[in-house]
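These are my notebook entries on one structure. I wrote them down in the order in which I looked things up.

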Amino acid sequence: MSPIIQVEHLVKRYKNSPTNAIDDISFQVAAGEFFVLLGPNGAGKTTTLSVLTTTLAPTLGKVEIAGYDLARDANRVRAHVGIIFQQPSLDQNLTAEENVRLHANLYGLYPFRPAFWLMPRAYKTQVNELAAILGIANEIHKPIKTLSGGMKRKLEIIRSLIHQPRVLFLDEPTTGLDPVSRRSLWDYLTRVRAEQETTIFLTTHYLEEAEQADTISILHHGKIVAQGTPAAVKAHLVENYLLVDADDRAALRQELRQRQIAFSETPLFRIDLNGVSAHQLLKTIDTPLTTVKIHSPSVEDAYLAIIQEHDDDRAKTNGN
Amino acid sequence: METKNDAARRGGIGHNGAAIAAIAYRDLLKFLRDRARLFSTFLFPLIFIGFLGGGMQATFGANSEYDFLAFIFTGVLAQTLWQSTAMGIVSLLEDRQNDFSQEIFVSPISRYTIVFGKIFGETLVALPQGLGIILFGILLQVPMDAARFAGLLATGLLAALYGGAFGMALLGFIPSRRAADQLFPFVFLPQYFTAGVFMPINNLPPLLNIVSLLSPLRYAVDLMRGLFYWNTPAYSDVVLFPPWLNFAIMASSFLGFMVIGTIQFVRAERNR
């Protein structure tokens, strides 16, 4: 099956800038995939997203989304994608329903009517269903200002889905939301993804949000420095280790030395697994243990290690 | 299989028409819900007409063939409508960077649809202002009949659309809202005088006359006065060009402003 997003040798250099904001990146996203683009501030995430969502012209390279060439067929690309911007993009002067109605008109889903009651029955039904999902049936005709931050974000997502986009781009959608709102938003997105098989393309600073991704791509200084499933990215760079402790620390220390098990004291005893399973290793230790922790790297660990490694490489190259 | 949505997405006339109407209507709603803006847009023209027009009429009117109140009333009406849309169009600059308008820019409609929607929207915003000013003029006993009222509405609409095109031409060459704010006093204020909004410009020195001929606002003001003073003794003293000539100049420069402005704006929007 052909990918829903295909990026080939994409380069973006802003006017009057000496360097490329995006520097020859290529990747593919399969239909229905949950793809996460990670990277520190200034890495080129928002620039990449701006190019993919047609608001910024690339300097070089080729992009195809939903089978349409971005340069030749920008409007068809726009018709097949939904976008949640970093900054809320609801019109504060309009009600929740008026925001949805404007979107429906812009995407050619319904004819223009100046009032809700004049809209076709199908639209009214759809809006009432959306209001019920959001739990804002009483607020749907009130100004946006009356909704909470989490509600507004959900409304934006619902609005961006009413034209049934094949790809939903989310640019740090949970920034500024409290943990409850963030969790609720992700529950909703997960449900939508399962029901509509929408491809999700996410940029985020919350690395735990990337744990559920099918593919993670790490962007640094405009280049992709790592890409793969979360497990692959983690396994490639970060070690698994065991942290143990005992009431009789001297006995444990002596036993580990006797059995020639390499360890360091952090102050817990850290034992690198180096391919051995935790279960196998624990079976060899007789000293009664009071603490056993298996350290599995998170995406955050992998991300920090990868960024650090590339910064070190750049420093060395610049030093030479 | 092509779905109903796919068909709609092809961007036919109906789709673009609905999008233009929706963008324009949004501007009107925004205006009607902004009390501070509503208040200020009505207040300034009323001050100009009431104080300046009334004051000049009381001071100079008795010894002159001019009815200064009617003269300033027509000038301020055309200027308000023209400038309201021109400045409204320039708000596309901040729209693009800020709030919700990103939503418009990523929707599957042509950039020209956005520009037309914006110009119609700002014209819709300008027209209630125009009506308010006309009513105020009637209260101040500016001579009015049905033909004049209709003429003011028609030329007011043209002035608003023309201002939108002028704003579009400006927009293409202004990089940011900040630059626009710095530039505007030099673009709009001189035209109050070179277009004859407040005082007659029949006998300008040659150099000032050239500047006046280059002021787009002059033609909108003169067209409005051409219809307002039609068949009156003051016509030859007040009106500079015949209405057909003003209209022809406005129509041709409208097209020029629109083409240059839209092409430049679309290019600047994506090629950052």
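**Entry 1: strand β13 of chain A**

I looked up Y241(A) and found that its bridge partner in β13(A) is D272(A). The strands involved are β11 (residues 241-245) and β13 of chain A, which run antiparallel and are joined by 4 bridges. I noted the rule for pairing: two strands pair if DSSP finds at least two bridges between them. Helices (H or I, at least four residues) and strands (E, at least two) are themselves DSSP runs, numbered from the N terminus.

β13(A) is also joined to strand β12 (residues 264-265) of chain A, by 2 bridges and again antiparallel. There I found S264(A) opposite R270(A). β12(A) and β13(A) form a hairpin, with 3 residues between them. P267(A) lies in that loop between β12 and β13 of chain A, and the peptide bond from T266(A) to P267(A) is cis, with omega near 5°. Most residues other than glycine have a negative phi, and most peptide bonds are trans.

**Entry 2: what I am reading**

This is a predicted model, in which local features need pLDDT of at least 70, side-chain atom pairs count only at pLDDT 80 or more, and totals for chains, interfaces and linings use all residues. Residues are numbered from 1 along each chain as its sequence is written, and chains are lettered from A and ligands numbered from 1 in the order in which they are written.

I then looked up the pLDDT, which is the predictor's confidence in each residue, from 0 to 100. Chain A has a mean of 86, and 98% of its residues reach 70 or more. Within chain A, strand β1 (residues 5-12) has the highest confidence, at 95, and helix α7 (residues 230-237) the lowest, at a mean of 74.

**Entry 3: the sheet around β1 of chain A**

I traced an open sheet of 4 strands in chain A, in the order β2-β1-β4-β5, with antiparallel pairing. β2 (22-29) and β5 (68-69) of chain A each have a single partner strand, so they stand at the edges and one side of each is left without a neighbour in the sheet.

Going through the pairs, I counted 6 bridges from β1(A) to β2(A), where V11(A) has D23(A) as its bridge partner. β1(A) has 5 bridges to strand β4 (residues 60-65) of chain A, and here V7(A) is partnered by V63(A). β4(A) and β5(A) are joined by 2 bridges, with E64(A) opposite D69(A). The hairpin of β4(A) and β5(A) has 2 residues between the strands, and A66(A) takes a positive phi near 55° in it.

H9(A), in strand β1 of chain A, has a positive phi of about 50° although it is not a glycine. H9(A) counts as exposed because it has 12 C-beta neighbours inside 10 Å.

**Entry 4: domains of chain A**

Chain A is divided into domain 1 (1-80 + 165-236), domain 2 (96-161) and domain 3 (239-295). Such bounds come from an automatic or database domain assignment. I noted 41 Å between the C-alpha centres of domain 1 and domain 3 of chain A.

How many helices and strands does chain B have? I found 12 helices and 0 strands. Of its 272 residues, 44% count as buried.

I also looked at Q141(B), in the loop between α6 (111-139) and α7 (146-171) of chain B. Q141(B) has a positive phi of about 65° although it is not a glycine, and with 9 C-beta neighbours inside 10 Å it counts as exposed.

Last, I looked up where the chains meet. The contact takes 29 residues from chain A and 28 residues from chain B; two residues are in contact if their C-beta atoms, placed from the backbone, lie within 7 Å. On the side of chain A that touches chain B, the elements giving two or more residues are α2 (74-79) and α3 (96-106) of chain A. α3(A) gives the most, with 4 residues.

Methods:
Buried ≥ 20, exposed ≤ 12 C-beta atoms within 10 Å, placed from the backbone.
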